[in-house]
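Colleague: I'm new to this one, so could you walk me through it slowly?
Modeller: Gladly; here it is, and we can start with the terms.
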Amino acid sequence: MSSDYPFADGHNLVWDLTGFGDADEEIVESVSLTRDQFLKIRHLFVLGDDPWMVSGEYRVAPSIWAHVRSAVPGVRFQRDADYFLGARQALPDGRFWRPAPGVAAPGPIPPP
């Protein structure tokens, strides 16, 4: 993998854990996870070819809530809410990185 690829091995990503309630899909909780926190719970998800969750959001089933709580202190989990976890870009300067023209990226590039 290219050493200049800023998302290699999950770097420059942040994972958003979002809980949605019943009323008009309102957000009842939103927490961002660091790479280290994500690595503690990644094994709990079936990710296939998407080891860093850059292709979409994954449901956080109630059966793993206790594991997530131990890795991410402060997460409350409401019984009537549906929770999802997915990655987004988090470059330090806020810009969106793209490979140079004519250069193929060595992995999937999260959408802006």
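Modeller: Strands here are DSSP runs of E of at least two residues, numbered from the N terminus, and two strands pair if DSSP finds at least two bridges between them. This is a predicted model, in which local features need pLDDT of at least 70 and side-chain atom pairs count only at pLDDT 80 or more, while totals for chains, interfaces and linings use all residues. Residues are numbered from 1 along each chain as its sequence is written, and side-chain values use heavy atoms, with hydrogens and water left out.

Colleague: How many bridges join β1 to β2?
Modeller: Six bridges link β2 to β1, which spans residues 13-20, and the two run antiparallel. Along this pairing, W15 faces L33 of β2, and T18 lies opposite S30, also in β2.

Colleague: What about β1 and β4?
Modeller: β4 comprises residues 82-89, and its antiparallel pairing with β1 extends over eight bridges; here V14 stands opposite R88 of β4.

Colleague: Is β1 mostly covered or open?
Modeller: It is mostly covered, since eight of the eight residues of β1 are buried, where buried means under 20% relative accessible area with a 1.4 Å probe, counting protein chains only. One face carries L13, W15, L17 and G19, the other V14, D16, T18 and F20, and every one of these is buried.

Colleague: You mentioned D16; what does its side chain do?
Modeller: The side chain of D16 makes a polar contact of 2.6 Å with that of R88. A polar contact is a pair of N or O atoms within 3.5 Å; within protein, one must be able to donate a hydrogen and the other to accept it, and residues adjacent in sequence count only if both atoms are side-chain atoms. D16 has a relative accessible area of 16%, so it counts as buried.

Colleague: Switching topic, where is G10, and is it buried or exposed?
Modeller: G10 lies in the segment before β1, and it is buried because its relative accessible area is 0%.

Colleague: What is it in contact with?
Modeller: Contact means heavy atoms within 4.5 Å, and, setting aside neighbours within four places in sequence, G10 is in contact with W15, R35 and W52. The C-alpha atoms of G10 and R35 are 6.7 Å apart, although the two residues are separated by 25 residues along the chain.

How values were computed:
Helices (H or I, at least four residues) and strands (E, at least two) are DSSP runs, numbered from the N terminus. Buried means under 20% relative accessible area, exposed over 50%, partly exposed in between (1.4 Å probe, protein chains only).
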